[in-house]
Amino acid sequence: MVLALLGAIAAWGLAAWGYQIHTGIGVAGIRRPVFWGLYLVDFVFWIGISHAGTLISAILRLTDANWRKPVTRAAEAITAFALMIGGMFPLVHLGRVWLFYWLFPYPNSRLLWPNFRSPLMWDVTAISTYLTGSLIFLYLPMIPDVAQLAEKATGWRLLLYKVMALGWTGSDREWHALERAMKLMAGIILAVAVSVHSVVAWDFAMSIAPMWHSTIFAPYFVVGAIFSGLAGLIVALNIIRRTMHLESYLLPHHFHNLAKLLLLMSLLWLYFTFAEHLTIWYGNEPKEMNVFGARVSGKFSPEFWIMVFVNFVVPFVLLGIRRLRNITTATIASVGVLIGMWLERYLIIVPTLSMPRLSAGWGRYSPSWVEISITVATFAAMAALYLVFSKLFPIVSVWEFEPHEQEDA
Amino acid sequence: MSEQNKTPHRWGMAIDLDRCTGCQACVAACHAENNLSVSDAESAAKGRAVHWIRVDRYYEGEFPDVRVKYRPVLCQQCDEAPCEPVCPVYATYHNDEGLNVQVYNRCVGTRYCGNNCPYSVRFFNWFDPVWTEPLQLQHNPDVSIREGGVMEKCTFCVQRITRAKDDARAEGRALKDGDIQTACTQSCPAEAMVFGDLNDPESWVSLLAKSARATQLLEDLGTKPKVFYLERAK
Amino acid sequence: MSTYLTGTFSSKEIAVQAINQLKAGGYGPDDLAVFSDEPVEFPHGVLDRPSHMSLAVVSGAVLFFLLIVSFVYFTQHNYRLVTGGMPIFSFWPTGVVFYEITMLGAILTTFGWFIWESGLLRRDKSVPVPAVEPETICLRIRCATEKFDSAATILRSAGAANVAKLEKAA
């Protein structure tokens, strides 16, 4: 039932995209000078969400934090699906999307190659690599579980599980190879994830537009990505916990630990934001101050201060005060962070573009129904994909984790 | 081969701001020459009007002692153009005559170049262009119609440059200064705009570019534009 | 002719003892396989499976690095276009692409080497596989048919339960 609703919303978004391809990208609200609007905001947002898996799975795996175990697959699934969704947005925002394959290097009769100097080409390679890596990273630890599922399955599921299990028997040779591969993949995927969001940041930072050309962007975006990914993970886990009755697997202390990490990332985000804004303000360069003023006290100030409130104040209060920290408040804070981080991407892209260096080029952007539909549809699509995944495969990794008695909160 | 210029050309423009009256004849001429789409009121309000050359107006002082300064801004054909390295498909690159070339057929519409241009001189075709009848009859056959999804900008009337070079080669002579007039320089009633070959030390534009009044727009960005604005130093 | 027999153990320590005794009896690591539903960490030296995965991954990464650098060099010289004053082959901007493809090489090599090293896809289908009970460790021995009884004796004396000949599942 829920799946049908989500599917309908996602289909509506797809239809909106089809309308856009047919009629022309002008049905979106973007305009000169704001050539990049909601689609790029969504792109950066979803790629950011994809860092959930990397953080939980890779970093915590490398640091041997055992509390991560019931949470890893949920996180890795978020990564894979968020990447798939985020990776669609470069296509959605293209003016001539039917020629998207020109971004890939393939031999052709005109002897044309893409321009590898462009940050957009860096995007292509980075996201392709990250998507490949996270799909493999998701798939590898699923093999033992899928082999187990294959023993009791019937019908098309049996075929699916058998094919995915690759003939896994559980021998020590297989286990050793798997563990070695996971350890290597954890390190590799971490390196790739850091580079991917740096590359996405460099789409903006390599430009000379005011307030974009900043060296802080790469680490800023990586921190923001881990921040938003963590928030997405907490929300997803809470939903799974309730709907799939995994209370004995996903315990309050898992949420406490995730909440503490979220608080840490919130402080880190605040630090980066403050450093960036202080530097700009102190430097007082006129073109940058135009954008700065618009963000902090001008036409974008409502969004800016809402962002600061939900990204810092709410997590600080709800998660910093131990008595207030529980699964519900962690989820509330996380929803706030998701909103806040989406606003942050919006505030990075739109104010700078609306106020280019020559004031004759200034212009105001308002998104159209097409952009909003597609944005909403991606959330629905994410939820739908996740739902389907959790129905087909165990969302808590069976071989890695044993259930505990339900702890008292 | 006949006497062709052996050194490549380097096209540039000089605009005398002390002569410019802000009449926008250059804007109208550019529209006519380059088949620019005409926007309706709704698109213009949405910021989708296309003017490859525009006249920026800067107001100084309070009413009634207001002074207005006019500056026609067009693609500066920067030697180190920020729009060029960011195009993932090489739809914009620098040819050996110094022009920043926009290849309509290659553009996939990522619009990064538009974001990176500090002069805001790049325009995007949001839809396939439409001309109400019978305006499509006045199209310039030398200039292609750009379909929706493609970036465009001032080309220094590359069709006129090509035609002049062809004519000169057909007649077996070298190009002379003044052979090529872009639509805007041709139409300026105040003769404020001059186009020519910066590699020719005798050309009018080269002499103007070396004048004491010559400045460049956003020069400190290091884009090395090839449009020189002449104005009295204050 | 080889036969297979299995014995199950409830704990890792007893299994280690059995393996040591079997090794003393002349059985090598290729004759022994341990089946379980979660990974079992034996102490070093008991049943080591040497692995070259790290080396393979590094080599794969280096290979992809060389490939991508040559490819980009080739394409940027093949299609010689100057953009923004940058040189024809600009190492640092394209360096990001190099990095990503290098990591892709590492990823693909990890996955490929895992498939190879685990023996998953090249498993000999004629070799029987025991069903694994949860929370137990199942040790499978390959031995010559005439030595079946001696192997079974070693297993039982080490403390294995359910020592039986393993037949290929129909």
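**Helix packing, sheet and interfaces**

Author: In this predicted model, the crossing of α3(A) and α4(A) is left-handed. A crossing is left-handed if the near helix is turned anticlockwise from the far one by less than a right angle, and right-handed if clockwise. Helices (H or I, at least four residues) and strands (E, at least two) are DSSP runs, numbered from the N terminus.

Reader: At what angle do α3 and α4 of chain A pack, and how far apart are their axes?

Author: Helix α3 (residues 51-62) of chain A and helix α4 (residues 72-86) of chain A pack at about 150°, and their axes are 6 Å apart. Axes are lines fitted to C-alpha atoms, for helices over the stretch in contact, and angles run from 0 to 180 degrees between N-to-C directions. The angle therefore makes α3(A) roughly antiparallel to α4(A). Angles under 35 degrees count as roughly parallel, over 145 as roughly antiparallel, 65 to 115 as roughly perpendicular and the rest as oblique.

Reader: Which residues meet there?

Author: On α3(A) they are A:Ala52, A:Gly53, A:Thr54, A:Ile56 and A:Ser57, and on α4(A) they are A:Thr72, A:Ala75, A:Glu76, A:Ile78 and A:Thr79. Two residues are in contact if their C-beta atoms, placed from the backbone, lie within 7 Å. By class, this contact of α3(A) with α4(A) has four nonpolar, five polar and one charged residues. Ala, Val, Leu, Ile, Met, Phe, Trp, Tyr, Cys and Pro count as nonpolar, Asp, Glu, Lys and Arg as charged, and the others, Gly among them, as polar.

Reader: And how do α2 and α10 of chain A cross?

Author: The axes of helix α2 (residues 38-49) of chain A and helix α10 (residues 217-243) of chain A cross at roughly 70° and come within 7 Å. α2(A) and α10(A) are therefore roughly perpendicular to each other. A:Ile47, A:Gly48 and A:Ile49 of α2(A) make the contact with A:Gly224, A:Ala225, A:Ser228, A:Gly229 and A:Gly232 of α10(A). These residues divide into three nonpolar, five polar and no charged.

Reader: Changing topic: in what order do the strands of the chain C sheet run?

Author: Four strands of chain C form an open sheet in the order β2-β3-β1-β4, with antiparallel pairing. Two strands pair if DSSP finds at least two bridges between them. The edge strands, each pairing on one side only, are β2 (32-35) and β4 (161-165) of chain C. Strand β1 (residues 2-9) of chain C pairs with β4(C) over three bridges, and C:Leu5 stands opposite C:Lys165 in β4(C).

Reader: What lies across the sheet strands β1, β3 and β4 of chain C?

Author: Helix α4 (residues 148-158) of chain C does, running at about 10° to β1(C).

Reader: How many residues form the contact between chains C and A?

Author: Chain C gives 44 residues and chain A gives 40 residues. On the chain C side, the largest share, 16 residues, comes from α3(C). That side divides into 26 nonpolar, 12 polar and six charged residues.

Reader: And between A and B?

Author: There, 33 residues of chain A are in contact with 34 residues of chain B.

Reader: What scores does the model have, and how is it numbered?

Author: The model scores ipTM 0.90 and pTM 0.92. Chain C averages a pLDDT (the predictor's confidence in each residue, from 0 to 100) of 85, and 98% of its residues score at least 70. Residues are numbered from 1 along each chain as its sequence is written, while chains are lettered from A and ligands numbered from 1 in the order in which they are written. As this is a predicted model, local features need pLDDT of at least 70 and side-chain atom pairs count only at pLDDT 80 or more, whereas totals for chains, interfaces and linings use all residues.
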